[in-house]
Amino acid sequence: MSSTQDILSPTQVAEHIRKSYNAQLLAGKVALVTGGSRGIGRSIAIALGACGARVVVNYAGNASAAQETVAAIEAVGGQARAVQFDVSNSTQTTEAIKALEKEFGGFDVLVNNAGVSRDNLFIKMKDEEWDANINTNLKGSFVCSRAVTMGMMRKRAGKIINISSVIGLTGNVGQAAYAASKAGLLGLTKSLAKELASRNIQVNAVCPGYITTDMTSAHGEKLIENVLKQIPMERLGDPIEIARMVVFLASDASNYVTGQTFAVDGGMTMV
Ligand code: NDP
């Protein structure tokens with residue numbers, strides 16, 4: 001199989017989501033998706049928008065890609081806005097979220113999706129590589145969650161969804177820092193779920209398997225061939241397959257679900 005697998009276009013994502021979920025499912029909700037400009041985050045943002053949420057599409061540097069996500073949401077009658085901030089920068093992120101809360105009246109849904117994988121064999125790993133993984137994937141999720149929590153507590157409702165990874169469950173050669181950041185995110189998920197349960201804020205994690213995005217397109221044909229051998233469904237995933245789980249976790253359908261980890265991985269990891 002080719003390592004580059006076709007994925008649904010932004011317009012197709014909105015159309016397909018509307019077949020699985022009602023266009024009013026998230027009406028009245030305000031959602032923030034970090035890293036919503038590309039890949040999994042883009043599909044998540046479009047899916048939430050197609051279900052009626054007003055969506056803030058965060059990005060780090062790729063303004064035109066973020067604008068494409070916004071356009072796909074608007075094309076199906078939804079509302080969205082692209083906002084730049086670097087989740088690894090605590091001050092910048094906290095200030096940006098504070099300003100957005102004033103404008104939108106607080107968030108109902110936060111999806112901590114922004115992520116990087118700076119990989120290297122452990123003995124060669126540089127401090128910068130370790131820090132990049134931890135600061136974006138783990139600290140970024142902490143900072144964003146902290147920034148929205150007070151607003152959610154005031155509303156006495158909220159959904160925080162952390163995009164971890166199957167690598168956080170299993171570990172992987174060459175990915176010690178990435179795995180540590182994603183496993184750490186599962187610990188953050190469970191602790192926050194316990195701390196915020198009484199405030200009616202549900203916190204859950206999704207662990208994608210191998211999904212076709214820019215992050216995985218850098219992987220060579222040989223690596224993808226090996227990966228496919230580990231996937232009972234014998235294919236990579238499409239970003240929309242993660243988005244469908246996130247819509248469920250963002251909706252009232254999941255109101256009695258908290259502190260859980262959902263692997264969406266074609267059967268790659270089973271416990
Ligand atoms: P991509 O590389 O395709 O996209 C990454 C997204 O994150 C972009 O929107 C990018 O913004 C944004 N981003 C990166 N750093 C920052 C930052 N410091 N601040 C704000 N935004 C940032 O990644 P994927 O879509 O593949 O991955 C999304 C999430 O899913 C990640 O957390 C990843 O670890 C996780 N995941 C992915 C898997 C896969 O197979 N693809 C498997 C398991 C987990 P910009 O466009 O501006 O650069």
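Residues are numbered from 1 along each chain as its sequence is written, and side-chain values use heavy atoms, with hydrogens and water left out. Because the model is predicted, local features need pLDDT of at least 70 and side-chain atom pairs count only at pLDDT 80 or more, while totals for chains, interfaces and linings use all residues.

Helices (DSSP runs of H or I, at least four residues) and strands (runs of E, at least two) are numbered from the N terminus. Helix 7 comprises the 21 residues 176-196. The expected span of a helix is 1.5 Å times one less than its number of residues; for helix 7 this gives 30 Å, which agrees with the 30 Å between its end C-alpha atoms. A residue is termed buried under 20% relative accessible area, exposed over 50%, and partly exposed in between (1.4 Å probe, protein chains only). The buried residues of helix 7 include Tyr178, Lys182, Leu185, Leu188, Thr189 and Leu192. An α-helix has 3.6 residues a turn, so residues three or four places apart point the same way.

Arg42 lies in helix 2 (residues 39-50) and counts as buried because its relative accessibility is 15%. A polar contact is a pair of N or O atoms within 3.5 Å; within protein, one must be able to donate a hydrogen and the other to accept it, and residues adjacent in sequence count only if both atoms are side-chain atoms. The side chain of Arg42 reaches the backbone oxygen of Ala65 at 2.9 Å, and a polar contact of 3.4 Å joins it to the side chain of Glu68.

No disulfide (a pair of cysteine sulfur atoms within 2.5 Å) is found in the whole structure. For Cys144, the nearest cysteine sulfur is that of Cys207, 18 Å away. Cys144 is buried, with a relative accessible area of 0%, and Cys207 likewise counts as buried at 0%.

The ligand is surrounded by 31 residues, each with a heavy atom within 4 Å of it; the closest are Ser37, Gly61, Asn113, Tyr178 and Thr213. An oxygen atom of the ligand lies 2.8 Å from an N or O atom in the side chain of Lys182. The protein covers 93% of the 910 Å² of accessible area that the ligand has on its own, as computed by the Shrake-Rupley method with a 1.4 Å probe.
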